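Here are my notes on this model, point by point. Please read them with the structure open.

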Amino acid sequence: MTYNIIVLAKQVPDTHHVGADAMTPEGTINRAALPAVFNPDDLCALEQALQIKDKHPQSTITIITMGLPRATEILREGLYRGADRGILLSDKTLGGADTLATSYALSRAIARTGAFDLILCGQQAIDGDTAQVGPQVAQQLAVPQVTGALQIQSITDKTLRIRRVIDGGEELVEAPLPCLITVSGQAKACRPRDVRLMMKYKHAALESELAASPYAERLQDRPWLRLTLWNAEDIAADKQCCGMAGSPTKVKCVENICFKAKASQVMDDTDEAIESLVCQLIANHNIG
Ligand SMILES: Cc1cc2nc3c(=O)[nH]c(=O)nc-3n(C[C@H](O)[C@H](O)[C@H](O)COP(=O)(O)OP(=O)(O)OC[C@H]3O[C@@H](n4cnc5c(N)ncnc54)[C@H](O)[C@@H]3O)c2cc1C
């Protein structure tokens, strides 16, 4: 069997390296001051796709990301680990999108790729953190969805069997193909980059970047170096459903909250000391 697998991946600010300049004075994220990384849950989603490809090597994995041109970094990152193709969705019309407009644009891009068997995405992005995009994409494409997956146990031409996280445990579910799966960050970590693939794809870039680079002449005999760029027109998107125009969410205000330690207490690591601390916290109404 061969499967056409789409992986949705988002480039996010690396929240492990948040410094004093992480926020602008207006209270928005200062993206320029933060290194950008492959959203961690999306790497877990990519690993699930790669495991299917290990068993069914003729399958294809296409990574789609919507973002600024620098998001090609994560497309290359996906190619280094075993994906076959990278598509960047980038356009001024798509900027300022909330989750509804983001999922609209992503679902139009998926539709443009043609017939697909499976869409894998992360459960949530570490910046926006809403966990809404996966379910919304499934809704827009009218395919079934399974959220919080830990592992795709088996795949046939008709069904998937998936282990997923639930409160206090796990459950095993079956879903028909095509469908969308959101993968939990608790799933198996993604395999590392493959050195041979790094050599193959290290100069992969958008056609416009390649044309201006010393590798332009290599494009003829190395088509795999070409990353695809699509704009709103390429995906036949209704501009009223894209970007700001298509975003019903209105952010009223954003506040920068800093937790400051006002007092500290050193205590022994004995049961009595812990009990006394709990009593004190209850008396102060810190815990109920
Ligand atoms: C009013 C408003 C304005 C906004 N304006 C901007 C803005 O100007 N610039 C900006 O960068 N953000 C903006 N955002 C944030 C933006 O809406 C979210 O980053 C985006 O919709 C994804 O939501 P999330 O991060 O909660 O993803 P989640 O729903 O938590 O993500 C789940 C999964 O969906 C997939 N996914 C999510 N986003 C993408 C993507 N872009 N490409 C590919 N896969 C994806 C990933 O697999 C991810 O793991 C705005 C949000 C609001 C509410």
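**Notes on the model**

1. Gln48 counts as buried, at 3% relative accessibility. Buried means under 20% relative accessible area, exposed over 50%, and partly exposed in between, with a 1.4 Å probe and protein chains only. Gln48 sits in helix 1, residues 40-55. Neighbours within four places in sequence aside, Gln48 is in contact with Leu120, Leu150, Gln151, Ile152 and Val183. Contact means heavy atoms within 4.5 Å.

2. A word on the basis. This is a predicted model, where local features need pLDDT of at least 70 and side-chain atom pairs count only at pLDDT 80 or more, while totals for chains, interfaces and linings use all residues. Residues are numbered from 1 along each chain as its sequence is written, and side-chain values use heavy atoms, with hydrogens and water left out. Helices (H or I, at least four residues) and strands (E, at least two) are DSSP runs, numbered from the N terminus.

3. Helix 3 has 15 residues, 99-113. At 1.5 Å a residue they should span 21 Å, and the end C-alpha atoms are 21 Å apart, so the two agree. The expected span is 1.5 Å times one less than the number of residues.

4. Now the ends of helix 3. At its start, a side-chain oxygen of Asp98 comes to within 3.1 Å of the backbone nitrogen of Leu100. After the helix comes Gly114, with a positive phi near 105°.

5. Which residues of helix 3 are buried? They are Thr99, Ala101, Thr102, Ser103, Tyr104, Ala105, Leu106, Ser107, Ala109 and Ile110. The cover over them includes strand 1 (4-8), strand 4 (60-66), strand 5 (85-89), strand 6 (118-122), helix 4 (133-141) and strand 12 (226-230).

6. Thr62 has its place in strand 4. Thr62 is buried, with a relative accessible area of 9%. Leaving aside neighbours within four places in sequence, Thr62 is in contact with Ile5, Ile6, Val7, Arg85 and Ile87.

7. On to the ligand. 29 residues surround it, and the closest are Lys10, Asp42, Ala97, Thr130 and Val133. A residue is near a molecule or strand if one of its heavy atoms lies within 4 Å of it. The shell has 11 nonpolar, 12 polar and six charged residues. Here Ala, Val, Leu, Ile, Met, Phe, Trp, Tyr, Cys and Pro count as nonpolar, Asp, Glu, Lys and Arg as charged, and the others, Gly among them, as polar. Strand 4, helix 3 and strand 6 each supply at least two residues of the shell.

8. A side-chain N or O atom of Asp42 is 2.5 Å from an oxygen atom of the ligand. A backbone N or O atom of Ala97 is 2.5 Å from a ligand oxygen atom. For a side-chain N or O atom of Thr130, the distance to a ligand oxygen atom is 2.6 Å. The protein covers 81% of the 950 Å² of accessible area that the ligand has on its own.

9. Thr130 lies in the loop between strand 6 and helix 4. At 40% relative accessibility, Thr130 counts as partly exposed.

10. Last, Met198 in helix 5, residues 195-201. Is Met198 buried or partly exposed? At 27% relative accessibility, Met198 counts as partly exposed. Neighbours within four places in sequence aside, Met198 is in contact with Tyr80 and Arg193.

Note on methods. Polar contact = N/O pair within 3.5 Å; in protein donor to acceptor, adjacent residues only side chain to side chain. Areas by Shrake-Rupley, 256 points an atom, 1.4 Å probe, with all protein chains shown as cover.
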